[in-house]
Amino acid sequence: MPQILDSVTVRAWCARSLEALGRAREEIDAINVYPVADGDTGTNLYLTLESAVQAVEAVFAGHEPELPAPSEVMRAMAHGALIGARGNSGTILAQLLRGMAQVLAAEAAEAAEAGEAGDTEDAERLRRALRRAAESAYEAVAHPVEGTVLTVATAAADAAADADGDCPAVVRAAYRGAVTALEATPGQLAVLGRAGVVDAGGRGLVAVLGALVEALTGERPPTVAAGRARAAREPRQPAAPDECEEHRDAAADGPAYEVIYLLEATDAAVERLRARLDALGDSLVVVGGDGLWNVHVHVDDAGAAVEAGVEAGRPHRIRITHFGAGDAHTARPGDDREAVAPVQRAVVAVVPGEGLAELYARAGAVPVLARPGEPPASGELVQVIRRAHAREVVLLPNDAGLRHTAAAAAEQARAEGVRVALIPTRSAVQGIAALAVHEPDRRFDEDVVAMTSAAGATRYGELAVAERQSWTMAGICQAGDVLGLIDGDVAVIGETPDDGAAPAAPGGTVPGDVLARTAVTVLDRMLAAGGELVTLVLGEDAPDGVADLLERHVREAHLAVDTVVYRGGRHSALLLIGVE
């Protein structure tokens, strides 16, 4: 096994951290009582690491057949966690990884310039990285509390600092220190002591550090029991009345909403934002830097928290969760919240556009919005399946690239007792065709067969703008060319206007005549094999009048073919075409 944190080891650490959190997710969810007893810390940590794994794999794919530098892989892991951070603990974990990345990336570059190499130098860098991780996490939390993941991170750094030897010796010591600190958390935080559990976020960090031990040494540390029985054996300190008030159950009388968003802003603007959000609520954590931040806060006025972000910079990927909504999958015995009664069947569909999300919702589906460059992770799909509260679920990925992600989500949901059928739809128009024949009252197998048949009988096309020069099935395209795709392959490259106007800039406005001519060509090719219904989904950037022109063309050139038009809205493709 490697004895240093090289690129392959960091990659293995990231992957094994995800595996470890996957194994411990339900256990961590079950002991989640602080700062809000909403039973999702394990899931949030898993989703955060899943985003980190995707970022790391993208870096390796971009460097094939070479290996990326260790510092680049570490930065990718931290950045992926930052943009995918969920919940209080996930946000803090992202900052812990960022703190490590700052030290390892900077010092690796300095060592390379100085020609330094060896186990001693690597071990010392690892000690400093663990220290910086703990310090940066404390800095990110507005009001740090002991007995949480912050305490566990500091203990790991302290143990690493006192350890002699190489990298494996350092990480083993850090892991042991973290475990010892975790077991002491019920005596440090009153709410944990009353519940008889260890800190859920700290338990997640122990899993991540255990994965680092495994990546460096090949040895999997013993599983840490975090359930109520183990925590109950720990000595408890009587809590003072004011301490009980400070750490009351936020789910009962704390802020009503959790607000999370990514924010593009300057350091000065973020400092002002911290002060404003701190006055609005609690559990404030702001992590990141270099212009990109992840903001997490619990508030009663969710709108004010978002408005504060707008004033500070550009917030996006905004998530607002109402703590009082309840969830049958996270309710525990003794909870006062009423569990949601399960339904027999639900359809969960990934959709690329806000207009399409509304359309799917009106048709009875549960939509999952996929924004450009931000496909949903498998954990996110699992969460949506859980929130559907259905015994049977039909899953429509609506994207060939999401096949494996959807399959992983379906497998996990099945393991939780949900009957899931994955229909491999490759476009939103195929999903529309499947929904059109969906009948929730008939037998599940019959419904799935009918929906699969309708989706398979629908050819799909799309118009997009080329981002760069590239070879395609239709020839060489240039950046800004309008591309017509049929069943996923480029079939038409839109011609430049006769007046010599330049092609559309990637992401810019597309000339209406170029789009119309390309769309007509794609439509004619798709209808050459026959068809009864044409479905058009127009994106927000589609020029005015294109829908009327295409409807008129179908009516005049293809007799007995009907046309239906939908608005895809923001984040939708330029134009989607379906032929049934």
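The expected span of a helix is 1.5 Å times one less than its number of residues. I start from that, with helix α7 as the test. The model is predicted, and my entries below concern that model.

I looked up helix α7, residues 167-184. Its 18 residues reach 26 Å from first C-alpha to last. The expected value is also 26 Å, at 1.5 Å a residue.

**Entry: the whole chain**

I then stepped back to the overall figures. The protein chain holds 21 helices and 16 strands. Of its 580 residues, 53% are buried. I also checked how far apart in sequence the contacts reach. Among contacts with a separation of 6 or more, 74% are between residues 24 or more positions apart.

Which residues of α6 are buried? I noted Val-149, Leu-150, Thr-151, Val-152 and Ala-153. Ala-155, Ala-156, Ala-157 and Ala-160 are buried as well.

Helix α6 spans residues 149-162, and its partner α9 spans residues 200-217. Their axes are 7 Å apart and the packing angle is about 35 degrees. The crossing of α6 with α9 is right-handed. On the α6 side I found Val-149, Val-152, Ala-153 and Ala-156. On the α9 side they meet Gly-201, Gly-202, Leu-205, Val-206 and Leu-209. By class, this contact has seven nonpolar residues, two polar and no charged. Val-149, Val-152, Ala-153 and Ala-156 were also on my list of buried residues in α6.

**Entry: α18 against α19**

Helix α18 covers residues 428-436 and helix α19 covers residues 444-456. Their axes come within 8 Å and cross at roughly 140 degrees. Over 145 degrees would count as roughly antiparallel. The pair is therefore oblique. The α18 and α19 crossing is right-handed. Gln-430, Ala-433, Ala-434 and Leu-435 make the contact from α18. Met-451, Ala-454 and Ala-455 make it from α19. I count six nonpolar residues there, one polar and no charged.

Where is Leu-575? I placed it in strand β16, residues 575-579. Its relative accessible area is 1%, so Leu-575 is buried. I set aside neighbours within four places in sequence and listed the rest of its contacts. They are Gly-461, Glu-462, Leu-463, Ala-519, Leu-536, Val-537, Leu-538 and Leu-550. I also looked up Ala-547, 28 residues from Leu-575 along the chain. The two C-alpha atoms are separated by 9.7 Å.

Gln-383 sits in helix α16, residues 378-388. Is Gln-383 buried or exposed? Its relative accessibility is 15%, and the cut-off for buried is under 20%, so Gln-383 counts as buried. Not counting residues up to four places away, Gln-383 touches Thr-43, Asn-44, Leu-47 and Arg-86.

**Entry: backbone geometry**

I checked omega at two prolines. Tyr-34 and Pro-35 are joined by a cis peptide bond, with omega about 0 degrees. Pro-35 lies in the loop between α1 (7-30) and α2 (41-63). Glu-64 and Pro-65 are also joined by a cis peptide bond, with omega about 5 degrees. Pro-65 lies in the loop between α2 and α3 (70-84).

Asn-398 has a phi of about 55 degrees. I found Asn-398 in the loop between β7 (390-396) and α17 (403-415). Asn-398 is buried, at 6% relative accessible area. Ala-560 has a positive phi near 65 degrees. Its loop runs between α21 (546-557) and β15 (562-569). Is Ala-560 buried or exposed? At 74% relative accessible area, Ala-560 is exposed.

Methods:
Residues numbered from 1 in each chain as written. Predicted model: local features only at pLDDT ≥ 70, side-chain atom pairs only at ≥ 80, totals over all residues. Heavy atoms only, no water. Axes fitted to C-alpha atoms, helices over the stretch in contact; angles between N-to-C directions. Helix = DSSP H or I, 4+ residues; strand = E, 2+ residues; numbered from the N terminus. Parallel < 35°, antiparallel > 145°, perpendicular 65-115°, else oblique. Left-handed = near helix turned anticlockwise from the far one by under 90°. Contact = heavy atoms within 4.5 Å. Nonpolar A, V, L, I, M, F, W, Y, C, P; charged D, E, K, R; others polar. Buried < 20%, exposed > 50% of the residue type's maximum accessible area, 1.4 Å probe, protein only.
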